[in-house]
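Here's a quick briefing on some strands and helices. Have a look at the model first, then we'll go through it piece by piece.

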Amino acid sequence: SAKLARRAADEYTAKNKSKPRFVAGALGPTNRTCSLSPSVEHPEERNVTFDELVTAYSEQTLGLLEGGVDILLVETVFDTLNCKAAIFAIQEVFSKHNKSPVPVFISGTIVDKSGRTLSGQTIEAFLNSVEHASAFCVGLNCALGAIEIRPFIERVSKHAPCFVHCYPNAGLPNAMSRYDQTPEIMAPLIRDFAVSGFVNIVGGCCGTRPAHISAIVKAVEGITPRRIPKIEPLLTVSGLEPLVFVKEIPFVNVGERCNVTGSRRFMNLIKAGKFEAALSIAQEQVNDGAQILDVNMDEAMLDSAAIMSKFLRLIASDPSISRVPLMIDSSKFQVIEAGLKVSQGKCIVNSISLKEGEKDFIEKAQKVRRYGAAVVVMAFDEQGQATDVDHRLFICHRSFKILTEKVGFPPQDIIFDHNILTICTGIEEHNNYAVNFIEATKRLKKELPLTKVSGGVSNLSFSFRGNDPLREAMHSVFLYHAIRAGMDMGIVNAGALPIYDTIEEELLKLCEDAIFNRHPEVTEKLLEYAQKTKNKGGKKDPKAEEWRTKPVNERLKYALVKGIHDHIEVDTEEARKLFPHPLRLIEGPLMEGMNVVGDLFGSGKMFLPQVIKSARVMKKAVAYLIPFLEEIKAKQRLEDPSSVTENSSYAGTVLLATVKGDVHDIGKNIVGVVLGCNNYRVIDLGVLTPCEKILETAISENVDIVGLSGLITPSLDEMIH
C-alpha cells in the first residue's frame, strides 16, 4: 500500500512540480489499549502489552519505510501508552535497522467534550508524554467535528513546540452513523482555525470526501500559517494531568510512602498481596498534597519487576490517584523498565548513575529517553559516592555533559540527587554532609540552571530513627534552608512536618547547629534533648495541649496554622457566640488564621500538604457556620418576602467557578458564603469548569462579576484564557 501511494504521489508531483505530494504512513491505534483493563473485576489486567505493541509497530514501521513514505503518522491516539509504544518502535527502527529518520507526526483524539483521551489524559498531559518523540507536527483528528474540536486544537496550538495539524470529522455522526456536515458547512469552520492561527496543516477525517478536502483547500488559501511559539524550557511531567515546574512552585512534594523499604505498613500490605489496601496509601498521599508519587518495590523476597508492573497498572485504574505523575524508583533497571512499560504519563526515573561506568550510564539513559521519562541522576561515579562539594559538582557536570551531548536529553529533564546523607552519626566526616548538600545545590542552580535538584530527605536523620518528632523537626529545618538554596523537589512526607516558625526554640537551634555543623558536640546535645523530651509512660506532653488554654480566637488561629481539626467545631461554636453575625467570625479570626498560612507558604516555611491541611480545617469551620447563616437569611426573607424571588433585590450577581484542570475550591466556597451573606446572588459552577461553560453562564445569567478559582499554577493560564 505504501508503494502504491508513493507511485501515485510521484505521478501527481511530476504533473506539477511546484506542488509536491507527500506520503504519510499511518500507524493506527490498534483495537487494543495498553492502559485500560478489559475486565471490570480485574483492573490490573490488560489485553495487550507494551512489548507486543512495539513488535507490531516495528514491523509496520519497517514496511512503511521500505514502501517509500515521507512521513510516519501515529494517528487517532486514544491511549497514550499505545502511542509511546509506537514512538519507541519508530526510534528503535531508525537506530537498529539503519533507516534514515523521516518526520514523525502525532495525532491524538479527544473522545468527548471533557477534553480528554479515552485513557483519561488531558491535552497538556498527552503533549508532555510524547514530547520525547521530537515530532515535526502534532495535532488532533477524528472523534469530534470542527465545532466541538475547536477549543482543544486551540490548546494544542498554545503548548506545542512544533507544527500543528487538525483533521476533524464532518460533524458528529447521526443516528444512522452517517455524517451530515457538507463541504459548505465544514470548510468555513476549518478556515476559522487558520485565521485564528491555530494550525499549519488541515484536512478531514471520518465523513469527509474529496469535495470536503477541495472546499477546505480553497477556504484556507492565502492565510498565514501558525507561528511556532517560543516555549520556555521547563521540566514537565504528567499523569492524567500535567505538572509543570514553574518558578511559582517553590517546592514539589514527592510522596514517599509507597516504598517497601521506607514504609513498614506498605511493605506488609504488598507482601500479603493486599494491593487494594496498598492503593489506599497512594490515595492518602495524593489527598494530602503529594504532587508526584514515588513507588519503590525493592525487597529481596519480592518479584520486584512483576509487583511494580501490577501496582502501577492498578494505579492507572484509579483516576483520582493516576492524575499525578509517577516517580519509578529502583536500584534495578529491569524494575524501572517494568514500570515505564505500564505508565502512559511522563514519569521520572529514580535513578541512574555513573557508578558502573560511562557505557552503562549511556545505555540506561538512552532507554529512559526512549520511554519518554525525565531522569534522576545520583552523584555516584566509578570512585563511589560523592560527599564533598567539589566531587558532587564534578559528577553532576560530567553527567550533564554526557546526557545532553551524547544522549540528547533536554537539560530541563535532568534532576540531580547529589546525596542527602545522614548526619550526627558520631563520625566526624559525616558532620558536613547537610551543609555540603546545601552549598553544592547553590552552585548547581547557578552553573546548570535548567536542571533540577532533588533528594530523599529522610536519609538526613537516620541516626535518630525511632524519634519521629526530632526527625521531623530536622527535616523541616533542612528543607527550609535547602529550598532557599535552590532545591526543587524532594521525597518527603511533607504533611507530617512541623512548620518552621513553630518549632520550639531550643530544638530549632540544635537542628540548625547540626545541619550547618556549627558545634562539635551538637550530636550529644540532640541526644540529650531527645531523652529530656521523650514522653514517659505514654503520657502526653503538657506543652502539646497548652494552646487549648488560650482565648478562643487564638485557638482558632493556631488550629488553622497547624491543621488541627479535632476541636474546630467546638471552638467555632464558642467564638460564634462572641460575634453579632457568623460572617464576622469568618471575616475575622478565621481569615486572620488563613492569612498567616498564606504568609508562611509564601516565605517557604510551609509546604503544599500543610496548606491543604489548614484549608480543610477552614472548610470544616465554615461548614459548621453555614446553617446559622442560612437561618439568618431565612428570617430576613420572612421580613421581606420579595427578596425570595426578585433578583432586583440583590446587590449584584456573581458567577464563581474553579477553572478547568483544577479541583481546589475551598477559597471559592468561602468567597461564595461571604458574598451570599452580603446580599449577592451567587452562581457556583463547581470545579473543573470549562471556559465555554463559564462564558455561556455569564451571558445567559447576565452576571455582574465572574470570579475564577484555582490553586495550581497552570490554573493561571486557564484564567487568562
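Before we talk about how helices pack, here's how their axes work: they are lines fitted to C-alpha atoms, for helices over the stretch in contact, and angles run from 0 to 180 degrees between N-to-C directions. Helices (H or I, at least four residues) and strands (E, at least two) are DSSP runs, numbered from the N terminus. This is a predicted model, where local features need pLDDT of at least 70 and side-chain atom pairs count only at pLDDT 80 or more, while totals for chains, interfaces and linings use all residues. Residues are numbered from 1 along each chain as its sequence is written, and side-chain values use heavy atoms, leaving out hydrogens and water.

**Helix 15 and its neighbours**

- Helix 15 (residues 433–447) has 15 residues and reaches 21 Å from its first C-alpha to its last.
- That's close to the 21 Å expected at 1.5 Å a residue (the expected span is 1.5 Å times one less than the number of residues).
- The axes of helix 15 and helix 16 (468–485) come within 8 Å and cross at roughly 20 degrees.
- That makes helix 15 roughly parallel to helix 16 (angles under 35 degrees count as roughly parallel, over 145 as roughly antiparallel, 65 to 115 as roughly perpendicular and the rest as oblique).
- Where the two meet (contact means heavy atoms within 4.5 Å), the residues of helix 15 include Phe437 and Thr441, and those of helix 16 include Phe478 and His481.
- Among the buried residues of helix 15 are Tyr433, Ile438 and Leu444 (buried means under 20% relative accessible area, exposed over 50%, partly exposed in between, with a 1.4 Å probe and protein chains only).

**Strands side by side**

- Strand 10 (residues 292–296) and strand 11 run parallel, joined by 4 bridges (two strands pair if DSSP finds at least two bridges between them).
- In strand 11 (residues 326–329), Leu326 and Ile328 point one way, Met327 and Asp329 point the other way, and all are buried.
- Met327 stands opposite Asp294 and also opposite Ile348 in strand 12.
- Strand 12 (residues 348–352) runs parallel to strand 11, with 3 bridges.
- Strand 12 is also parallel to strand 13, this time through 4 bridges, and Val349 has Val375 as its bridge partner.
- Strand 13 (residues 374–378) has 5 of its 5 residues buried.

**Linking up**

- Strand 11, helix 12 (residues 333–340) and strand 12 form a right-handed β-α-β unit (with the strands pointing away from the viewer, the path from the first strand over the helix to the second runs clockwise).
- Strand 12, helix 13 (residues 358–371) and strand 13 make a right-handed unit too.
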